Amino acid sequence: MPTKVIAGEGCVLKNGEEIAGLGKRAMIVTGKSSGHKSGALQDILQVLDEHNMQYDVYDCIENNPTLESMVEAGEHARRWKPDVIIGIGGGSPLDAAKAIAVLANNDMPGMDLYSGNYPNKPLPIVAIPTTAGTGSEVTPYSVLTLQDIESKKGFTSEDIFPKVAFLDAVYTQMLPIDVTVHTAVDALSHAIEGFMAMRGSVYTDYIALESIKLFTECMPQLKAGDLSLMEREKLLRASTLAGIVIAHTGTTIVHSMGYSLTYFKNIPHGKANGLLLAEYLRFVEKVAAAKVQAILQAMKIANVDEFAEHMNELLHDDIRLLPEEIEKYATISIRATASIQNTVGNITKDEQMSMFAASIGADS
Ligand code: NAP
Ligand code: FE
């Protein structure tokens, strides 16, 4: 893992030299409210002032950022000429920071981000998560919304691994409970998918199980909607561990299927994954039962039905898809070849349709 992870309360203020060492001009990339509400922006500005650094606050990243908005942000960055990009926020601003770090040094069409190979090295990235879910602070991925394919798609490059990640759970304390639950379930999904992935290894399996156990320890508080700083710390750790897992293994069809739920139904990313997880476990059970057993054991639950009940309690399964919507979403997600190849068993479009239907189909 090329990312230096610095964790603990007050870690940004205590380690300002890590940022100062990356240059003199910083472009801060954050959402409309996350940087401010979390307190992370204030800490970063203090550090930048202490080290006489210049900065520009680009605080307009929308949820599930689009490629077009990244092209615009890239133009802004090329005009302002930062030395370092500081991403503060949930996965959306962190992924945006990665795209901007590439485009700041490369005046090229947005779609060229997907080549993963750029004429000039991307700028160094500092990542400060304010949600505990995506693990983007330790992954070489940036997921963008592409109108052309009516879905989301990640690009990847070793050069967009953040140089430094600061993990301070205090920044997640102001997260509304629904966002807390959805993002925690995204981390669980990463750990489970990574544990099942074709690209997994015994090493990533250890880390994935550890992440799943941390999530499980916090499940009662997530359900009750009442989390102390200790649980928030555990969830942030679970999220970064799961990020380390998918940095190696990638994700699977749960993510590619979930993208349609976000694109067409505006369902938050983590919830979209969570709605599909139980049916995914049932699918994998047919081809790799021992893997599913290991997950159930780590979660101290007896079977996939019980897993489904936990997800229902956490997520409030309140949407239903029509058959024509299911057909459309499966048509789109079956094109995500990397996810398909990374999924155990030979998953077909029909099986994806059955998974959608059993999870959230109108007749189920
Ligand atoms: P998000 O879209 O970044 O943020 C969700 C909401 O939470 C936003 O309204 C945000 O406000 C708010 N928020 C964030 N931190 C807050 C805080 N501390 N206090 C109060 N509100 C806060 O959600 P996310 O689930 O973290 O990220 C999802 C994105 O990450 C998706 O695009 C997904 O595809 C991507 N993702 C990437 C990876 C990867 O490896 N790169 C992995 C999984 C998912 P603002 O709008 O003001 O920021
Ligand atoms: Fe995810």
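A polar contact is taken here as a pair of N or O atoms within 3.5 Å, where within protein one atom must be able to donate a hydrogen and the other to accept it, and residues adjacent in sequence count only if both atoms are side-chain atoms. The model is predicted, so that local features need pLDDT of at least 70 and side-chain atom pairs count only at pLDDT 80 or more, whereas totals for chains, interfaces and linings use all residues. Side-chain values use heavy atoms, with hydrogens and water left out, residues are numbered from 1 along each chain as its sequence is written, and chains are lettered from A and ligands numbered from 1 in the order in which they are written.

Ligand 1 is surrounded by 30 residues, of which S33, S34, S92, T130 and T131 are the closest (a residue counts if one of its heavy atoms lies within 4 Å of the molecule). A polar side-chain atom of S34 lies 2.6 Å from an oxygen atom of ligand 1, while a polar backbone atom of G91 is 2.8 Å from an oxygen atom of the ligand.

Helices are DSSP runs (H or I, at least four residues) numbered from the N terminus, and their axes are lines fitted to C-alpha atoms over the stretch in contact, with angles running from 0 to 180 degrees between N-to-C directions. Helix α8 (residues 202-224) packs with helix α9 (residues 229-249) at an angle of about 150°, their axes being 8 Å apart, and the two are therefore roughly antiparallel (angles over 145 degrees). Contact, meaning heavy atoms within 4.5 Å, involves residues including I207, L214 and F215 of α8 and L235, L241 and V245 of α9. By class, this contact has twelve nonpolar, five polar and five charged residues, where Ala, Val, Leu, Ile, Met, Phe, Trp, Tyr, Cys and Pro count as nonpolar, Asp, Glu, Lys and Arg as charged, and the others, Gly among them, as polar.

Helix α10 (residues 253-265) and helix α14 (residues 323-333) have axes that come within 9 Å and cross at roughly 125°. S256, M257, S260, L261, F264 and K265 of α10 meet E325, K328, Y329, I332 and S333 of α14, a set divided into five nonpolar, three polar and three charged residues. With helix α16 (residues 349-360), α10 packs at an angle of about 65°, the axes lying 12 Å apart. Here I253, M257 and L261 of α10 face Q352, M355, F356 and I360 of α16 in the contact, which comprises six nonpolar, one polar and no charged residues.

How values were computed
Angles under 35 degrees count as roughly parallel, over 145 as roughly antiparallel, 65 to 115 as roughly perpendicular and the rest as oblique.
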